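Open the model in your viewer and get ready to select residues by number.

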Amino acid sequence: MGKLVLILSILGLLRGTESLDEIRYPEDASVYIGGFFSVYLTGPNGCSSTVDPYSIQEFEAVRWIIDKLNNNTFLNGSDKIGIHAYKTCGIPEMAASSAIDLSQTYSNTSQSPILFALLSPIKSSEAKHVSRLFSFLPEKDRLPMLSFGATSTKLADQSLYKNFYRIIPPDSVQVQVMLQLMLELKWNYVGIIYEDDDYGKDAAQLLKTLTSDKGICVPVYSSFNNTNIDEAFNPFVVDVLNRKLSGIIYIGSGNLITKLLELFQTSSSARDIEIIVSESNRLNSLYFRRISQTYFPISRGILVTSAPKIELQEFTEYWKNIKTKPFSKSWINETGDAGVLDSEQSVYVNYGVKAVLVLANLFKKLALQYCGSNTICPLLRHLSKQTYIDKMKDLKINLTAEFPYTSQMFPNTLAENITFKTNREINYNSEPNQPEYEVFNFQQCTGLTNCRFVKAGDYRIGKLSLNESLIKSYPLRESEGPNTRLPSVQCPNGTDCDKCIPSDISDHVIFMEGEWYVVAVVPVFIPDETNTLLCTNTIRDSFGNDIAESIKFAIEEINNPNNTLISSKKKVGLIVINGCASELVIKDKILRLHKGTYELRPGLKSSEINHRILGYVGGLSSSMSAAMAEVITKLGYVQVSYASTSPLLSDRTLYPYFLRIPTADDQQAQVVIDIVTSLGSNVIQVIYTEGAYGVGAHATLEKLGRDAGVCVIGHKVPVTTEYTVYNGLLAKLRETPQAKLVVTFVRSHVIQQVIKAVTERMTENEFIFIGSETWGSGESVIPEQQRKVYGSLSIALELPPVTAFKSYLSKQNINDPSDPWLRLFFENMGSCIFPGSFQRAGKDEVFGKAKECELESLAISVFDQWVPFAVASTNALVKGLENVLGSAECGQPATSCPEQNPILLTEYMKKNVKLDLYDKGSQERVFDDNGNGVVKYTIMHVTPGGEKTYEQVGSWSKSQGIIFNKDSLYYPVKDYNSVCLTDYTCNKCFPDKMEEPSPQQSTGWKIPTLAVLACLLGISVVIIVIQCYRHRNRQEQEPHYADPESMMVSNHRKGPGRDLSNQNTSDTYLTVVSDKGTDQHS
């Protein structure tokens, strides 16, 4: 202690000797409570000359209750209890200096007074200094400290503040009230300004974290202190007005808000601002007044969060006559400030009185325990102060029973038992209906005078009950008000509040907490075409977040207590990663997830859960699934795809743990060939996208077409949503006009653009399409000129719709931060905005106002053929890994888990996972022996008129083959004829099938013709022999067309960084550079 005194003396922080630095009352007390009161406001260089009237009032309330105790013979005989109070001016170092002086004043000799406890300073920064000081002392000297105003949540840390208790609710409660108040009023676009001390900083940081979790944006977040008010407030006001904020939160000293109100009021660009003020306002209107004693117009309608205010009427009367009291020492007499008496009762007054009563009761109980009576004995005098701290936690005080003379003082409010929780916070446990916190509204003004605080809400048991009808809001002009309805504190119409849209929104995840986790990969956002390592923040309006939501739906259904899919009752969690159809992005995110560096939500890294991953669901495209599998195979996890159909993924040497719900495209290619041959055609053109899906399908079509005598002419196109890139396709198709049937194997998110580009300038019936499953029954694929696709066919790979999904979707919280993409998805899909949206520019407007989204209608309009597949994939994965869920060993860090062997799991799932895929009430195998799906195909037909755009005209299954009703087609069958004539193109497809005449035709021309051909053949043979002789010793350097190895060499010679695969976009299956030699996983 001596060293600390020396240090503080050198720094000049010990108390001076000027009068009234301290008041000890009464002077003849036997036991004292130490106390710290600011008395004066903090100045730039120490104490200012401005009195803090509420601090003086709070001290006088303590002195008043001390008199009550002594007048009612609290201690036996002539013993009295007293208060030894110090002036601190709100300066933490000054409070620490006073604490040292206080500890050295009481020597604890047999005749000296006892100092047994401390009343904490009001300011949290002072309380931290004083508590830490005493926490460093030996236990025998460590005085208990009880706070009635210091509310910083960090003071509950008993490892640092070992003597600290609190009788007023902490800021963790206040922050929850502020948060719920904003949510109730639908505020989501606010600024926060806080005092840069322990109170303001701790509360503001906690509030900012919680607002982020609830989707409330804080684009302006600033601090200030009493020495830089102008420098801090001016830019804050400018920033608030420039960003068109209409709501702010103020957390700081009550007296400093006056300057902020003045700046908002006098700004040239002033606007209506709604304000929430923290409890340090003390529920006093003095801080809202101008020099003229009228209130700032902007202060009308302010909301104040406060600990429950209990007006002590008896003390109010006492306060009015305080100057007549014959005190030898009084800070009121010192200041001579008559205006102090006009101040309303501070909300802290009743808590200060309670704190004294609790400490008095503690002393009384210890006196009875150690002295046998309500007196001071040597054993009590030398009792370790740690005993006081330990006994405080066991207190159970009924104030009206212990102190009957307080029953009129606190009518109907203090009959409850007061105890302390394990964290040393107050607990009024016998009166659950008593509010823990309250909300007040500053209103009912007469002009700009006579305003008052009206209670508008109670907070109890973690929930705010707000009566919005009691809240009044006022416009800035002082002659107007109140408003007829509460203003919207949200991003203003016609504006994109960019700072509220995370720049890394595409890197966020859907996160559902659980004991085990399914990881799903879905292309929610569009990839960055200029950088394959990045995603854009442009969300897809189909085949993206709708699939993510269906997987979330499946997990919630699995966790439903009535669900019978699995017997395990362990909760299954979910992590949905946005893959944005970029292979590099997918690989990077999966590796980050397993390295433990992926942030799943604020403060939660994937390292905390990556040992509890069950397996993977995804991806959508075959390229995505291949990219996933390359990483997942090495990590040893099972993968179930909901939409990838490329035949390349059937290779179990490359993808041993890959399974899928849909049927593979080698069978879909067979459906196409069967349709073509059923129509009597033998040539088709194929538009296919680069990457595993399109390239794999095209290669399979070539092989099957060769066997069936069908010529396949391919046109490879890039994957992009910019349809003008496909403008040259029609010209390519017209190069072979007799190839009327055009097959599409195009990625799902670009099929609409491809069809639009081809049909815009195409004549009706010029070409007829056969679309793969990405066309399916999709309404969005049909172009504006519908007649141009009448008669077209499509292959649908469909499961019955999940009837409960759309209802589920319509009930989701679009502001749920654990589901970060839902609002963006619906707003983009409907070209509308939800209340609270941060993207309010560029939307369709009705009567000058942005069109509002209707969640239910949007949910109903969602169509995605892959939703049932995504639900089935999720169910299949969880059902197949049920043994892992039931294992006691699995899921522990750094432990082996035999049940998670991916080889055994994959084999088990192929043979044993059964689901009711067709909603018939019967379980069927989901996978074949190779892990591919077994869903049958339906053949759809685009027809005019009627309620439906598509009609089913056939089906195909591996067991039954094709069933095709050609009589139902829009055009006669002959109009579907796509026949290869004896021209150059068809000769490339069928060089050995020259046109043969019918038997009825004349054959008289044959002999002369054959003679001519024989002569020509002879000449050709002579020429060939001569050429062979000339070059018999020459090495052939170029690769043979049919030599796969030489084809690989040829491709290698293209050189690094060069892609020549698109130079020949119209190729048959006999072209030199096969697509099998290009990137099959793009």
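Start with the largest cavity, whose volume is about 120 Å³. This is a predicted model: local features need pLDDT of at least 70, side-chain atom pairs count only at pLDDT 80 or more, and totals for chains, interfaces and linings use all residues. Residues are numbered from 1 along each chain as its sequence is written, and side-chain values use heavy atoms, leaving out hydrogens and water.

A cavity is a set of points on a 1 Å grid over the protein atoms alone, where a 1.4 Å probe fits but cannot get out; lining residues have an atom within 4 Å of a point. Volume is the space filled by probe spheres set on the points, which are joined across faces, edges and corners.

Select Leu620, Ser621, Arg747, Ser748 and Thr774. Of the 16 lining residues, these lie nearest the centre of the largest cavity.

How many cavities of 30 Å³ or more does the structure hold? There are four.

Move to the second largest cavity, with a volume of about 70 Å³. Select its lining, including Trp187, Glu274, Lys472 and Pro487.

Now select Ser550, in helix α15 (residues 545-558); helices are DSSP runs of H or I, at least four residues, numbered from the N terminus.

Show the side chain of Ser550. One of its polar atoms lies 2.6 Å from the backbone oxygen of Ile547.

Definitions and conventions: On a 1 Å grid over the protein atoms alone, a cavity is a set of points where a 1.4 Å probe fits but cannot get out, and a pocket is an open set with protein on both sides within 12 Å along at least five of seven lines; lining residues have an atom within 4 Å of a point. Helices (H or I, at least four residues) and strands (E, at least two) are DSSP runs, numbered from the N terminus. A polar contact is a pair of N or O atoms within 3.5 Å; within protein, one must be able to donate a hydrogen and the other to accept it, and residues adjacent in sequence count only if both atoms are side-chain atoms.
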